[in-house]
Amino acid sequence: MKRFPNLRSAGRELALKLNLCRERNDVVVLAILLGGAPAAHEVANHLRAPLDFVIIRRLFAPQGPGSQICTVNVAGSMVIDEDLIPLRDVPSTPVEYFVADAITELKRREQRCRRGRPPIDLTGKTIILVDCGIRTGLTMQAAIGALRTKRPAKIIAAVPVASEQGRLAMAGLADEFVCLAWPEPFGHVGLWYTDFSRPDDETVGELLE
């Protein structure tokens with residue numbers, strides 16, 4: 001497989017595979033930060049759809065690799081893993097302090113990335129969830145799990161490149177899966193880009209303006 005020149009060029013190719021969603025008033029494009037932002041920006045521009053972000057903060061891997069407990073910010077709304085609920089108002093253990101600090105930092109990061117925009121109501125919307133690629137599927141799994149709590153009508157997971165493992169992981173998670181290439185052996189996502197430069201939190205905020 002020929003490598004994508006960069007994240008934006010991959011996003012432009014991906015957008016062409018999503019033409020059926022162009023200029024529909026029920027579509028919202030969500031980028032998984034940070035790597036998904038440039039590709040998602042290209043997709044949103046092509047489809048003439050609003051763009052917003054999913055920000056994931058991983059906390060624990062309670063059963064080792066392949067398991068995870070996360071907090072996720074979906075287009076301005078915080079989704080806390082049910083394994084962490086209920087949270088005490090005043091933390092009293094090291095773990096509770098760690099979780100409280102992580103949630104506070106996620107809120108700060110959301111403010112930096114989204115520039116104080118109000119949350120978007122995703123109820124009944126068709127969501128195109130974009131990342132730069134999928135290796136294990138854990139990132140997309142966390143994003144889709146949080147997104148389901150917002151009651152969208154449909155979730156389309158869209159990436160330029162994925163491993164066979166990632167492709168299998170998508171089965172039953174998203175309502176539709178769009179991917180341009182499944183190279184094997186895979187390695188990691190960055191190998192499939194000539195330039196894998198990703199924006200920082202301040203830069204992604206400019207994409208919303």
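**From one valine to the cores**

Val130 has a relative accessibility of 0% and therefore counts as buried (under 20% relative accessible area; exposed is over 50%, partly exposed in between, with a 1.4 Å probe and protein chains only). The model is a predicted one, in which local features need pLDDT of at least 70 and side-chain atom pairs count only at pLDDT 80 or more, while totals for chains, interfaces and linings use all residues. Residues are numbered from 1 along each chain as its sequence is written, and side-chain values use heavy atoms, with hydrogens and water left out.

Val130 lies in strand β5, residues 126–130 (strands are DSSP runs of E, at least two residues; helices are runs of H or I, at least four; both are numbered from the N terminus). Beyond its neighbours within four places in sequence, Val130 is in contact (heavy atoms within 4.5 Å) with residues including Leu14, Val29, Ala39 and Ala158. Val29 is 101 residues away along the chain, yet the two C-alpha atoms are separated by 7.3 Å.

The largest nonpolar core has 28 residues, and Val29 is among those with the most contacts inside it, with Leu18, Leu51, Phe53 and Ile128. Such a core is a set of buried Ala, Val, Leu, Ile, Met, Phe, Trp, Tyr and Cys residues joined through side-chain atoms within 4.5 Å. Its largest share, 6 residues, comes from α2. A second, separate core of 27 residues includes Ile56 and Leu129.

The disulfide count is 0, a disulfide being a pair of cysteine sulfur atoms within 2.5 Å. For Cys21, the nearest cysteine sulfur, that of Cys179, is 16 Å away.
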